[in-house]
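Trainee: I have a model open and would like to go through it with you. Can we take it piece by piece?

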Amino acid sequence: MPDFLSPELQAFRDRIDQLATGTLVGLRDDASLEPAERAARVRDASKAAGVYGLTQDERTPALTLLVARDTLASHGVGHLRGVFGADPGVLAGVPEPLRSTHLQPLLAGEKRPGFAFTEPSDVERPTWARIEGDELVITGRKSYVTGGADAAFLAALVEIEGQGPAMVIIDTDRPGVTQERRFSSLDGSHHVGFQFEDVRVPRHHALGAPGDGRGRAMAKISAVRRAVAADCAGSSAWIVSLVAADLLRQGRRGRKADSERMRLRYGEMRVAVYAARSVVYRTARLFDAGQDAVNESISAKVFASETANRIADMAIQLVGGEALVVGHPLEAVMRRLRSLRLAEGESDTLYVNVARGHLDIGKGRL
Ligand SMILES: Cc1cc2nc3c(=O)[nH]c(=O)nc-3n(C[C@H](O)[C@H](O)[C@H](O)COP(=O)(O)OP(=O)(O)OC[C@H]3O[C@@H](n4cnc5c(N)ncnc54)[C@H](O)[C@@H]3O)c2cc1C
């Protein structure tokens, strides 16, 4: 575990360890539970442990969130539905009336949001809006909205004519909003492609100052990237613990742990996980110190997700064919981690962003 945590954070981490090992691991492994029942029980346990609301409170420090996510993931339970409450995302700090109509129902779990940023590669024009009196009239398409089928509203990046990009709240039951494609991805999550044809929303559904949309979206994306990085670093630690247990087991040909070849690979995995965890902790501390951490959040996300995928792949090689049997923890984590090399920014695109951050605008640290 990383050093230099305050006594309070260490106690917090111990509490989360307890939550994970005492309750969540059992709920994860209980095959008799329906998904909704499992989520409800996870939510109750998480609320009782004071974890559920951490993502909902904008004042929660990045380091506290990281300790929670990293610790949960290092037991293989960080991804369970119901562990964390819906976070305010781009709605953080919105004034009335959106505060009452959208933010509060979101935090209470009454309205689900979708984040609509990515567009199909064949669009001729990014999603745009014209202003007509007190309304925005929106036209365009979004291709990959996670949870879109259940979303009551979307936070969508929209180019407003004459003003620039804005994050706009679009209720999914507005006339002109259609779901053009429903699909699921390798990790088991569900998504929707949306089409907007002259969709009218009140002008105050555009968040923040005119032209501020990309900045708002980026702040949210940076926070999600740190969350992905924390999940990947913790998941890598979990994978390494699964491999250690396998190496130490007495098999019919002795213990794999007695093989130099196995030790070499196992040591390589540990070094990689140590590096990934160091990166995510440094990044959280930079952010909490009020530093610009956009490039560092990108670096943490790319490094931790690439490392986690390499670690999962190596783990499967060491454990053998049994690890690929559907339902084995390594098979399941591999599918989940694979999507994280794309979600919240594809790795090569992010490497290029970091290069641009330094070469064109002088940002980013080593
Ligand atoms: C599980 C999952 C959940 C997601 N959830 C959401 C969501 O809720 N909301 C949302 O908006 N999006 C979501 N996405 C979409 C995600 O953000 C995109 O998949 C990701 O940003 C990559 O975009 P893309 O798929 O269009 O691929 P592309 O950007 O087209 O990239 C594909 C390849 O082309 C390369 N490439 C891209 N541009 C160029 C260029 N100009 N020149 C040369 N090479 C290039 C890239 O490096 C990459 O190798 C999700 C994706 C996944 C996998």
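Trainee: Which strand does D198 lie in?

Mentor: D198 is part of strand β7. Keep in mind that this is a predicted model.

Trainee: What is the phi of D198 near?

Mentor: Near 50 degrees, which is a positive value in a residue other than glycine.

Trainee: And is D198 buried or exposed?

Mentor: D198 is exposed, because it has 12 other C-beta atoms within 10 Å, and the cut-off for exposed is 12 or fewer.

Trainee: What does β7 pair with?

Mentor: Strand β6, residues 177-184, is joined to β7, residues 190-202, by 7 bridges, and the two run antiparallel. Within that pairing, Q179 has F194 as its bridge partner in β7. β7 also runs antiparallel to β3, with 9 bridges between them. There V137 stands opposite R200 in β7.

Trainee: How many residues sit between the strands in the hairpin of β6 and β7?

Mentor: There are 5 residues between the strands, and G188 in that hairpin takes a positive phi near 95 degrees.

Trainee: Why does β6 lie largely in the open?

Mentor: The number of buried residues among its 8 is 0, so β6 lies largely in the open.

Trainee: Back to β3. What else is it paired with?

Mentor: Strand β2, residues 128-132, pairs with β3 in the antiparallel sense over 5 bridges. R130 has V137 as its bridge partner in β3. The two strands form a hairpin with 2 residues between them, and G133 in the turn has a positive phi of about 60 degrees.

Trainee: Is E344 buried or exposed?

Mentor: E344 is buried, because 23 other C-beta atoms lie within 10 Å of its own.

Trainee: On to the helices. How long is α3, end to end?

Mentor: Helix α3 covers residues 62-73 and reaches 16 Å from its first C-alpha to its last, close to the 16 Å expected at 1.5 Å a residue.

Trainee: How many of the 12 residues of α3 are buried?

Mentor: The count is 11 of the 12, so α3 is largely enclosed by the rest of the structure. The buried residues include R69 and D70 as well as L65, L66 and V67.

Trainee: What do the buried residues of α3 pack against?

Mentor: They pack against α1 (7-29), α5 (213-248) and α6 (260-288).

Trainee: Which residues touch the most other members in the largest nonpolar core?

Mentor: V280, A304 and A312 do, in a core of 61 residues. The elements that each supply at least two residues of this core are α1, α2 (35-48), α3, α5, α6, α7 and α8 (329-339). α5 gives the most, with 12 residues.

Trainee: What is V280 in contact with, leaving aside its neighbours within four places in sequence?

Mentor: L66, A229, A230, A233, A300 and A304. There is also a second, separate core of 33 residues, and V90, L91, A156 and F194 are among its members.

Trainee: How far does α7 reach from its first C-alpha to its last?

Mentor: Helix α7, residues 294-319, reaches 37 Å, close to the 38 Å expected for its 26 residues at 1.5 Å a residue. Just after α7, G320 takes a positive phi of about 100 degrees.

Trainee: Last one. Which residues does the cis peptide bond join?

Mentor: E96 and P97, with omega about 5 degrees. P97 is found in the loop between α3 and α4 (98-107).

How values were computed
Residues numbered from 1 in each chain as written. Predicted model: local features only at pLDDT ≥ 70, side-chain atom pairs only at ≥ 80, totals over all residues. Buried ≥ 20, exposed ≤ 12 C-beta atoms within 10 Å, placed from the backbone. Helix = DSSP H or I, 4+ residues; strand = E, 2+ residues; numbered from the N terminus. Pairing = 2+ DSSP bridges. Expected span 1.5 Å × (residues − 1). Contact = placed C-beta atoms within 7 Å. Core = buried A, V, L, I, M, F, W, Y, C linked by C-beta atoms within 7 Å.
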